[in-house]
Amino acid sequence: MTELARTACCRCREQKLRCSRELPTCARCLRLSAVCEFPAPPDRKVLAAFRAQPKKRKLEHNASDRSPRNNPSAVPKPSFSSPASQPANHNSAPSAELRSDSLLPLSRSQEKFLQDVYFTCMFNSTLVFHKPTFSRAWEEGRLARHVLLAVYATATIFLPFDSPLARQNASLLQSLGDLRALGRQWAIRAGKEVLQDIDQPTFESVQTCEMLTLYWFSAGESQRNTMFSGIAYKAACTLGLDSSEPSTATEDSPASGISPTWLEAEAVRRCFWAVWFTQCINSDHSVVGTTYNDRVMNLSLPIAESSFNEGVQQPLENLSSILQQHATFATQKDAAPSIMAELMTLIFYWVRIRNLVRVTDRISGRDWLAELFELEGRLSTWYSQLPDSLKYSKRNLYEQLVVLQQPVYTFVHALYHQCRLVLHSSLVPKFSGIRLDRAIPSEATALSARIALKSAQRISELGADILALDWDPAQIASFVGYCMYVSASIHIAFLCSRDATLAVPARANLMASLKLLKSMKMYWTNLQRLWVRINMLYGAQMSRRLASAREGMAGSTEPQANFSELDEVAGEPRDVGQLAEPLADSVLDYTLRRLRPDRAVLSPAAQALERQPCPDDLSQLMDEDSSSSLNPSSQSARPEGPIPSMGLDQSNYLVSTAPQMVGGWDRMRTPTMQSLNNDGLDWWEVSLDNIQQPILPYEELFNLDFNLS
């Protein structure tokens, strides 16, 4: 006879469903393949003593068990100052190595390792927490359990079984089994615990929801990702974390005497910036006109990371003052350079660019082009005013990543180039896959095509430099992988170009973007979906090339005398092959919801495409390039003197039809394009990074006709 438990299992009790109480797994959990746990039997002596107490004492006892909410309107304090509703008492049993919590069967060394993984690999960890105080609170057992569950669940993002971190620490993690499955259990439990009292949120509630937002994004569950992002942002606004003068700890708070008052206020603001950033960066969350207001514009930006960690106070700046400096070209800054403040400034421009792309059909062509080039000028001004230590160079990249351990530096520069790339790709059908209803001057399209291609090359060069440093891809934000996908999608369009000055750099840059994207996709589901799509784009390009070859290049014409091939193809529609959604959804949007799951790849048409050799050729192309001299990630791999004649014609699917070029390698990497309208200007050699706001109206500067419908 089957043994029955005294009570229903935890899962059935929570969902208020009838439980069969069969041991070790009830029938319902067995059918759903869910983890079935039964609560420990109650101590009858303690229960009898409790029932014998007077009713008034029972109510006092129940009230003392609840989380204190004496002043719900005040801004709660960071995790080091707010009482945990379910504290994790690490020091209650010093002799015991393992925790008694069945959901956290971790030793102290395992917990410490997961915390280190979170703070090392998650780009916004220093915005969500003040690490020194977090560590003290953990040692003292003052952290809420849902906070720890969310931290450890987020850490498992970077520990798939075949990742370098997991292999290097296999002996430490072996007892935990499947970390991905365990992390999912932790995330589900953390979500249930934090949502129980979300009607009266605390600062720790915001922290947990923010971490769960990124966890479910990595897991590819857009619904949970969007819900927790919205809850975190609304809770932060409800608590007033976006206030310029947040409340501080009182004398009897646990934080009194531990951290300065200004540091607590800084921690509160930084957590809001983390939530706001997540709300803005993802197109699934942001709504036109709702992501910035007066409170956000006047809120002090995060101070420098070193000052925050060491508790050194420094002058504060806000978005309004930063944007005013950009408008007046002022360069004086009293505060130490803050990489996080620059990231928040860039995301403001990213939001404006996304809003502009979304309303292309609602405003006149004149206003749209004026706004586009005004944003280009603002971005160039931002870069020109960037502190020298934060501007991009290989020396700064090495110092920021290796010396300062600040990988968010790669995020900043990838976002900068991606802003320009998305801004100008929206004007180029070949890059974005969209066609505008109105007529756009060909000169504007050609100029935007050059700037977008230049930005794509800069993104690929960033990827090549990261690869050259052999940097751990787990420490690179997933947004950088998205940038690599967009740049690769543009380079693919020029692989078979008749112009060698386009085709040769396209292949070299494509390899750098693909290698970094491939190394990152094991951590993030959205990058896995983008990897499928880049294979489809490559297959479509190769199919088109093979079809043209079979037709004997019928109908092909040479570029017009006054235009390069880039000008010629910029306005052409893009062949996207078997993509299940418009190309713009993956190129112009950083999204999870719009990237349809891989079920579209399993359609009959996509299965037929997978059986063709073209999608497989992308991996074959990467394998061949590993031994090729066309690897831009290594200076030693660059040949000296003239360009070697081999290259594009090494494989049977990339037969070069372009004439051989004689010149230095650097000239081939940065080709010179023909000028527009024979105006004598070498547009490709003009430093597009230094474009400032013009002294003349754009219609006079570019001789464009803005009288559009």
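Q: How many cavities of 30 Å³ or more does the count give?
A: This is a predicted model, in which local features need pLDDT of at least 70 and side-chain atom pairs count only at pLDDT 80 or more, while totals for chains, interfaces and linings use all residues. Residues are numbered from 1 along each chain as its sequence is written, and side-chain values use heavy atoms, with hydrogens and water left out. A cavity is a set of points, on a 1 Å grid over the protein atoms alone, where a 1.4 Å probe fits but cannot get out. With a threshold of 30 Å³ or more, the number of cavities is 5.

Q: What is the volume of the largest cavity?
A: Grid points are joined across faces, edges and corners, and a volume is the space filled by probe spheres set on the points. For the largest cavity this gives about 140 Å³.

Q: Which residues that line the largest cavity are the closest to its centre?
A: A lining residue has an atom within 4 Å of a cavity point. The largest cavity has 16 such residues, and the closest to its centre are F123, L214, I281, S478 and Y590.

Q: Which helices each supply at least two residues of the lining of the largest cavity?
A: Helices are DSSP runs (H or I, at least four residues), numbered from the N terminus. At least two lining residues come from each of helix 12 (203-219), helix 14 (261-281) and helix 24 (478-492).

Q: How many residues of the lining of the largest cavity are charged?
A: Asp, Glu, Lys and Arg count as charged; Ala, Val, Leu, Ile, Met, Phe, Trp, Tyr, Cys and Pro count as nonpolar; the others, Gly among them, count as polar. The lining divides into 10 nonpolar and 6 polar residues, and the number of charged ones is none.

Q: How many salt bridges are there?
A: A salt bridge is a side-chain nitrogen of Lys or Arg within 4 Å of a carboxyl oxygen of Asp or Glu. By this rule the count is 18.

Q: Which residue forms a salt bridge with R189?
A: The closest N and O atoms of the pair are 2.9 Å apart. R189 is in helix 11 (residues 179-196) and its partner is in helix 1 (residues 10-15), 175 residues apart.

Q: How many disulfides does the structure hold?
A: A disulfide is a covalent bond between the sulfur atoms of two cysteines. Here a disulfide is counted when a pair of cysteine sulfur atoms is within 2.5 Å. The number held by the structure is 0.

Q: Which cysteine has the sulfur nearest to C19?
A: C19 counts as buried, at 13% relative accessibility. C19 is in no disulfide, and the nearest cysteine sulfur, 3.9 Å away, is that of C12.

Methods. Buried < 20%, exposed > 50% of the residue type's maximum accessible area, 1.4 Å probe, protein only. 1 Å grid on protein atoms, 1.4 Å probe; cavity = no way out; pocket = protein on both sides within 12 Å on 5 of 7 lines; lining within 4 Å.
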